[in-house]
Amino acid sequence: MATLTLADILKPGAVITPVKFDVTDDKIKRIVETVNKNQDELIRLKEIDKERLKLVVQL
Amino acid sequence: MHILQYSDDSLATALSNEYTPTEVIKNKNHFKYFKEYLGAIGLNAKTVVIEEKYISKDFIHDYAKYYSLCFVDYPKHCKRVHFFANGFSHEDFKAIIVGDTKANSAFWENYLGFIVVKPIPLTVIGYSVLKTYAQGVNFNERNFWGVRDYKVHVFGNEITYKSLAFQEQDSVLAACATTAIWSMLNKASADFHTVLKSPSEITQDADNVSNDGSRLFPNKNGLDILQICQAILNSGLVSEVKQPDSVINLHTGAKWSVLSHSYIKRILNAYSPIGIPLLFVVAVPNNDEYGLHALTVSGFKRSAPIAIAPSSEINWLSDNIEKIYAHDDQWGPFARIEFAIDHSINTPWTLFHTNKYPTYVTNIIVPLYPKIRISFEDIAIITQGLDGFVSAVLNAHTQVDLVWDVHLSYSEQYKEETKETALDVTTKQSILLESMPRYIWVSRGYLGTEKIIDFTFDATNVSHAMLGIGVVCYIGGLKALLHESFLLNEVFFKQLFRHPLAIKYYNHFIASLQ
C-alpha cells in the first residue's frame, strides 16, 4: 500500500502553500458564521428537555 | 421430539400451545413477521424440530415471580422450536445428534436458530436466537454490530453463531421498553461488567410503582424515558438521551418534534463501534392514533464514501447509512427499517398499517459503559471547527469536499487498524506505543474515497477539558501544510473554536502536526 501525496488529492497541477486567512474577508466570515451556527445547534441538542423524559413508552 | 417439514401451517403449529391455538397464532404480528423471515424470501427454512419440556432461564424467573402464583395451573416447561435450512427425516436427525459435532459440521451449518414457545396465553414467543441474514463489516454489507456469539446446545451438540436474543413483550411482567432493554443487555452483558436480568427484574429495576402510581405488575402503563434510563443504570450501564432536532406535521395536523434522518445516522455511526445496541423511542401508528414504542437497533447497511463537490456545509459519512436493523418485540428480530420522506422511517408498524402512516424517531437512548463521558455532540462541535479550518486550507485546490466520520472506538481497536494502514513504520510505532484511554473518539476526514486525516480525542475526560490525543495524516505533505497553516492562523482558528480552552487545542494541534 503506497502512501498518497498531496498531488494525488488536489486538482491536476494545483500547488498548495500555507496562507494567512484574512478574517475580515467575506468568504472567511461566511465560513465562521456557518461553523458557529452549526455549533450552536449542537449545543442546543445537548440541553435535555426534562418534559420529554416523562413521555411514556407504552405500546 | 417432533420433526415437521417447514410450512406456514407447521410454523403456526410449532408456535401454538394449550392456551393459544393455531388460529390465534396466525393472527399475531409475530407470525406474519416470522413467516417472511424464515420463509423462502428470508432464511429459507426447510425443517422444524420441536423440543418438548424445555426449561427457559428467562421464563422460569418470570414463572417463579408471577405465573406459579396464579390459580390456573400454568406449566413451567416451554417448548423450543429449532429451524434448519435442509430437509431430513426423524431417523437421519437421530443419527446426526449422536455423531461428532465437528464431523457433522456441514449438517449443523444449516441450523438457523430457535424460538422458545412459552406455555402462557397469547404472548408465547420467549427467548429466541435466530441467525441474521448474511452479514459483514465492510461498506455495502449488512453490518450487525450489536450481535454476539451464542453457544447453543441442541440435543448434546454445541453450535456457535452470531445473533441477538429476541422475545415478545409479556404484557403482564414487562413493558415494550423492558423487552428492548433486555435485548440490549444480551449484548452488553457479554462485553462489559453488565448484569443480564429477566424482563420482570428489569421492570422492577425501573421503579417501585408504575408511572401513574398503580402497581408495577401486571404492567399496564409502560415505562417513561426516565424509568428506562433507571433500569439501564441498575444493570451497570449509563444512558445518554438524544433529543429531537426537527419538527414535522402529522396527518392529524399536530406538530411533533422528531430526530432528523441525518442526526439519527450520525448517532448510529458514532456509537455503533462500541457494539451496544441503541434504543430508539419511536412514534408508531396504532389504528388512527400514534403511540410510543421502543426498538433495539443492532445493525445497519451503509454505502462506501463518495466524492462530494465542495460546499459551505459540513458533510458526514454517516449520511451513507441506507437501512437499519432492529428488534421490535411486537413483530420480530432484525426487522429492516428504511428511511422514508420528511424524516419518517418505514417500520413494520407502517408497512402493515392500513393507511401506511409513517413512523418517527422521537428520542434515542444510548446505553454506554460509565467511563465513556464525552458525548458525540461534544466531538461534533470540535469537528465543525476542524472542518471549517481544513476546508479553508484545501477546498480551493480540490475537486471534492471533506467528509467526516466521527465515531467512538476502543483505543486497542484503533491501534490494530493503524497497523493495516499505509503509514510509515515510525508513525505506526509512535501510535502503537502511545498510552491512550480505553475509549477514544475519532474524527476521521475523507476526501472523496480517501482517508486523509484522523483527530483523536479522550472519550473518558470531562467536556470542558482539552480532549485532544493526536493527529494522524494519511497523505504525504499534508501534515507540514496544516502545521504551517495553524501557525499562521491563530485568530481564524479561535473564531472556529469557541471553547474556553481554544488556546490549548491550538497548541495541541500545532504540537501534534510537528
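What you are looking at is a predicted model, where local features need pLDDT of at least 70, side-chain atom pairs count only at pLDDT 80 or more, and totals for chains, interfaces and linings use all residues. Residues are numbered from 1 along each chain as its sequence is written, chains are lettered from A and ligands numbered from 1 in the order in which they are written, and side-chain values use heavy atoms, with hydrogens and water left out.

Let's start in chain A, with helix H2 (residues 26-46). Helices here are DSSP runs of H or I with at least four residues, strands are runs of E with at least two, and both are numbered from the N terminus. At the start of H2(A), a side-chain oxygen of Asp25(A) comes within 3.0 Å of the backbone nitrogen of Lys27(A).

Which residues of H2(A) are buried? They are Ile28(A), Val32(A), Thr34(A), Val35(A), Asn36(A), Asn38(A), Gln39(A), Leu42(A) and Leu45(A). Buried means under 20% relative accessible area, exposed means over 50%, and partly exposed is in between (1.4 Å probe, protein chains only). The cover over these residues includes parts of chain B: helix H10 (261-271), helix H12 (376-394) and helix H16 (490-496).

Staying with H12 of chain B, look for Ser391(B), which lies in that helix. Ser391(B) counts as buried because its relative accessibility is 9%. Setting aside neighbours within four places in sequence, Ser391(B) is in contact (heavy atoms within 4.5 Å) with Leu386(B), Asp401(B) and Leu402(B).

Leu478(B) is buried, with a relative accessible area of 0%. Beyond neighbours within four places in sequence, Leu478(B) touches Leu6(A), along with Leu394(B), Ile452(B), Ile453(B) and Cys473(B). For a sense of distance, the C-alpha atoms of Leu478(B) and His30(B) are separated by 54 Å, and the two are 448 residues apart along the chain.

Now for a helix pair. Two packed helices are described by the angle between their axes and the distance between the axes. In chain B, the axes of H13 (residues 411-419) and H14 (residues 425-433) come within 10 Å and cross at roughly 170°. That makes H13(B) roughly antiparallel to H14(B), a label for angles over 145 degrees. Tyr414(B), Lys415(B), Thr418(B) and Lys419(B) from H13(B) meet Lys428(B), Ile431(B) and Leu432(B) from H14(B). The residues of this contact divide into 3 nonpolar, 1 polar and 3 charged.

Last, the backbone. Most residues other than glycine have a negative phi, and most peptide bonds are trans. Asn140(B) has a positive phi, near 70°, and sits in the loop between strand E5 (125-130) and strand E6 (142-143) of chain B. At 47% relative accessibility, Asn140(B) counts as partly exposed. Phe334(B) also has a positive phi, about 50°, but Phe334(B) is found in strand E17 (residues 332-339) of chain B. Is Phe334(B) buried or exposed? At 3% relative accessibility, Phe334(B) counts as buried.

Methods: Axes are lines fitted to C-alpha atoms, for helices over the stretch in contact, and angles run from 0 to 180 degrees between N-to-C directions. Angles under 35 degrees count as roughly parallel, over 145 as roughly antiparallel, 65 to 115 as roughly perpendicular and the rest as oblique. Ala, Val, Leu, Ile, Met, Phe, Trp, Tyr, Cys and Pro count as nonpolar, Asp, Glu, Lys and Arg as charged, and the others, Gly among them, as polar. The expected span of a helix is 1.5 Å times one less than its number of residues. A polar contact is a pair of N or O atoms within 3.5 Å; within protein, one must be able to donate a hydrogen and the other to accept it, and residues adjacent in sequence count only if both atoms are side-chain atoms.
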